[in-house]
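Subject: A structure for you to look at

Dear colleague,

Please open it first, and then read the notes that come after it.

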Amino acid sequence: MNDLYVLYRGPLASCNYDCPYCPFAKRVDPPELLRADRADLERFAGWVEATTDRRLSVLFTPWGEALTRSWYRDTIVRLSHLPHVARVAVQTNLAARTGWLAEANPQVAALWATYHPGQVTRDRFLVRCRELLSLGVRFSVGVVGLPEHHDEAVALRAALPPEVYLWINAAEGHLYSADEERRWTALDPRFGDSVRPHASLGVPCHAGENAISVLGDGTVRRCHFIKTPIGNLYDGSWRTALRPRACTNSLCDCHIGYVHLKPLGLRDVYADGLLERIPAVWPLT
Ligand code: SF4
Ligand code: SF4
């Protein structure tokens, strides 16, 4: 069956945290936007259910925090039980309780969790990680590689069991010295993928061929970073839009994009853990 990776982002853009590096910090969505987000997600879940001729892997990449909303939790549980869904994952700050995941299929549901020092204590974040471990849910944990986060990242790595992969994202606009790069790479051996943007113009990319980005209204784009629509999910036009393509942006600097850049070969590195960012071979021996 043909694989299709789907990154979904609805209108939701609110968050309970106040990270200084984020435009969505402490944003509150009005009730009508939340209603629209919920309705859009319901429609998307219906599409996933009905699209049984593809092996689907879905990653929710909300602007803000999704797991404080019941409709994302319920949808993850629901989609995780569909036989043609290989993965359903979500990017989250892990602030919300995790007990609901007991209802999900642990072979399919997964979390991409980010630790935001300053918004939550390390101990509290680790409590959530332990909950996930006891539930048997797949998850990665990561930190934005700002200099002021380094001590916390080291402590987090030390506190997590070795089988939990900890990733470090290069901070936007931050230039890393060789020494800084070495220090972050000591925590995340794959930091080199993130530390510099990838020159992508004209380079073949799976995005638009077997990976797509979907907005709440069903607009389909190749990825979150090339805004031109290539079709819509709900009129079936996405099917004819899929074909091998080269990137039209000069740079690709976000993990959820460059994992699809063909020459990087990162699908082989992550394999089934591509969307929740867990390398296939981890821990390294
Ligand atoms: S947790 Fe994520 S979405 Fe919320 S403020 Fe921090 S970076 Fe932004
Ligand atoms: S390289 Fe990045 S920006 Fe270019 S098509 Fe792929 S995901 Fe999109």
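Below is what was found, beginning with the whole chain and then turning to the two ligands.

Please keep in mind as you read that this is a predicted model. The protein contains nine helices and 13 strands, and its C-alpha trace spans about 50 × 45 × 35 Å along the principal axes. How does the radius of gyration of the protein compare with that of a compact globule? For 285 residues such a globule would have a value near 19 Å, and because the protein has 18 Å, the two agree. Of the 285 residues, 39% are buried. If you take the contacts between residues at least 6 apart in sequence, you will find that 66% of them join residues at least 24 apart.

Which residues surround ligand 1? They are C15, Y17, C19, C22, F24, A25, G64, E65, N93 and H116, and this shell divides into six nonpolar residues, three polar ones and one charged one.

Ligand 2 is surrounded by 14 residues, of which the closest are C205, C223, C247, C252 and G257. Two elements, the strand β10 (219-223) and the helix α8 (255-258), each supply at least two residues of the shell around ligand 2. By type, the shell around ligand 2 is made up of nine nonpolar, four polar and one charged residue.

Key: Residues are numbered from 1 along each chain as its sequence is written. Chains are lettered from A and ligands numbered from 1 in the order in which they are written. This is a predicted model: local features need pLDDT of at least 70, side-chain atom pairs count only at pLDDT 80 or more; totals for chains, interfaces and linings use all residues. A residue is near a molecule or strand if its C-beta atom, placed from the backbone, lies within 6 Å of it. Helices (H or I, at least four residues) and strands (E, at least two) are DSSP runs, numbered from the N terminus. Ala, Val, Leu, Ile, Met, Phe, Trp, Tyr, Cys and Pro count as nonpolar, Asp, Glu, Lys and Arg as charged, and the others, Gly among them, as polar. The radius of gyration is taken over C-alpha atoms; the globule rule is 2.2 Å times the number of residues to the power 0.38. A residue is buried if 20 or more other C-beta atoms lie within 10 Å of its own, exposed if 12 or fewer, and partly exposed in between; C-beta atoms are placed from the backbone. Two residues are in contact if their C-beta atoms, placed from the backbone, lie within 7 Å.
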